[in-house]
Amino acid sequence: MEKLTVKNINKAFGGKQVLEDVSVTLGAGEIVCLLGVSGVGKSTLFNVISGLMPPDGGTVLLDGEDITGKPGRISYMLQKDLLLPYRTIEDNIALPLVIKGMGKKEARKQAGGHFEAFGLAGTEKKYPSQLSGGMRQRAALLRTYLFSSGVALLDEPFSALDNLTKTAMHKWYLDVMEQIRLSTLYITHDIDEAIVLSDRIYLLTGAPGRITEEIVIKEPRRERADFSLTGEFLAYKKQILEKL
Amino acid sequence: MRKRLKNTTSKLPALLSCAALLGIWQLVTALGIVPRYMLPSPGAVASVFYKDFGLLAENAKVTLLEAFYGLLLGVLLGFVFAVLMDAFSWLYRAFYPLLVITQTIPTVAVAPLLVLWFGYEMTPKIILIIVVTFFPVTVGLLDGFKAVDPDSVNLLRAMGAGRLKIFRHIKFPSALTPFFSGLRIAAAYSVVGAVISEWLGGFGGLGVYMTRVKKAFAFDKMFAVIILISVISLLLMWLVGFLEKKSMPYKYLHEKE
């Protein structure tokens, strides 16, 4: 069964249609990308899926359960890490657990168990301002993961990083995903990033925003390290550029 | 070690200017440019602290106690006002102008009225201090609450947090910096407010001491008490700064490393 099913979402702001009949599915452990130019309604779609914004029409199903317009079930992560500057990294990451009602100690303990896997060991007692941008995004992803009911929404998570850090983060990200098998719906406007990271890509074009194409990346994720230098990669890129 | 040295050198100009001022003061009195009875020498003022120590300490205790109660209640009231006005915008619209008006009324003008209403004991003094201290706290907190990053609030909402949790995890900690700026001003106001209300009627306190020595034309004692009041205000402001550092360790990280 699909982990997340988003069906026929419509959304308008002040009479202007932003999303039209958008349907997206996400299987368990899958990384799916929404690719589109800025202002096409990607972030609005995320607000709808996370329950922060009710859609005008359509439904959001998590494990078959209708969660349309109900926040608190699906977490998201933004380009801004949104780590609280006045909390240590471990408390920042434990925050979603504390909000769910877990005791502080227990939450810290549970969060602490993942630091190693996310490459964050040793940062527990530090404050966000003491970490680099890449490390902060790792922490933000771990926080998102701890909160998720198996599904995470990532809104351009790496777009604020410089190119070299970004490439390193892609590799790290695929490694981590291999371990935690988090089902991820992912927004980007970076075509290369989409091809390197995703199992499937939806092209979102507008306006209003509509899904116009679905592209499956057949190559397994573990072969993606040098993927961007291959002919297959360029074929995908060409296909996407023609459609956008 | 180097850090300490740097600290001392950065304070050097201030120390020098204070020393220079004292020197000029000493010179003016020694040369008799201003008559002794009008401007006592620094030495004469210092000797008052020695001779009148018991009396000064006793009165300072009264003033400090008033300032403490007034400030405590003022901060609590300011906090309650800020939280309520932030939670209900109609309360903000209804009462914020009123709060501003309370600050335009000169303290010296209300103090006698408070004495008439509440007598010569501590109550009117504490009320006056509350009136002058709650405002900077309320304004500081309100500014802090309003400046919260909406994305952070949305993230917590997505995590399922309600208003109370958003307040506890985002709004309150984000407002600490402006809160402490307001508190520092309030601390200074609290001492001044206490002294002013003591001038206008009371049985003890530095303000009462001041009116007494004024009537006796004891200029050396006037100077001593003025210096004492400003030292107390400085100490209170320093205490607020200390509390700020203790409650916001993340702001002073670079100083530790």
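Residues are numbered from 1 along each chain as its sequence is written, chains are lettered from A and ligands numbered from 1 in the order in which they are written. Because the model is predicted, local features need pLDDT of at least 70 and side-chain atom pairs count only at pLDDT 80 or more, while totals for chains, interfaces and linings use all residues; side-chain values use heavy atoms, with hydrogens and water left out.

Let's begin with a sheet in chain A. Helices (H or I, at least four residues) and strands (E, at least two) are DSSP runs, numbered from the N terminus, and two strands pair if DSSP finds at least two bridges between them. Four strands of chain A form an open sheet in the order E2-E1-E4-E5, with antiparallel pairing. At its edges sit strand E2 (16–26) and strand E5 (65–66) of chain A, each pairing on one side only. Strand E1 (residues 4–13) of chain A is joined to E2(A) by seven bridges, and Val6(A) stands opposite Val24(A) in E2(A). Helix H1 (residues 42–49) of chain A packs on this sheet, where it touches E1, E2 and strand E4 (57–62) of chain A. Contact here means heavy atoms within 4.5 Å.

Is Lys3(A) buried or exposed? Lys3(A) is buried, with a relative accessible area of 17%; buried means under 20% relative accessible area, exposed over 50%, and partly exposed in between (1.4 Å probe, protein chains only). Its contacts, not counting residues up to four places away in sequence, include Leu26(A), Leu61(A), Val151(A) and Ser183(A).

Val151(A) takes us to strand E7 (residues 151–155) of chain A. Five of its five residues are buried, so E7(A) is largely enclosed by the rest of the structure. On one side are Val151(A), Leu153(A) and Asp155(A), and on the other Ala152(A) and Leu154(A). Which strands pair with E7(A)? Strand E6 (residues 75–77) of chain A pairs with E7(A) in the parallel sense over three bridges, with Ser75(A) as the bridge partner of Ala152(A). Strand E8 (residues 183–188) of chain A also runs parallel to E7(A), joined by five bridges, and there Val151(A) is partnered by Ser183(A).

One more stop in chain A: Phe115(A), in the loop between helix H3 (104–112) and helix H4 (133–147) of chain A. Phe115(A) is buried, with a relative accessible area of 1%. Leaving aside neighbours within four places in sequence, Phe115(A) is in contact with residues including Ile89(A), Ile93(A), Leu120(A) and Leu142(A).

Now over to chain B and helix H8 (residues 163–174), whose buried residues are Ile166(B), His169(B), Ile170(B) and Pro173(B). Seen down the axis of H8(B), they fall within an arc of 130°, so they line one face of the helix; the arc is that of the directions from the helix axis to the C-beta atoms. On the other side, Arg163(B), Leu164(B) and Arg168(B) are exposed. The cover over the buried residues includes helix H2 (89–99) of chain A, together with helix H7 (150–158) and helix H9 (176–199) of chain B.

Finally, confidence. Chain B averages a pLDDT of 88, where pLDDT is the predictor's confidence in each residue, from 0 to 100. Confidence in chain B is lowest in helix H12 (residues 253–256), at a mean of 58, and highest in helix H3 (residues 53–87), at 93.

Technical notes:
Axes fitted to C-alpha atoms, helices over the stretch in contact; angles between N-to-C directions.
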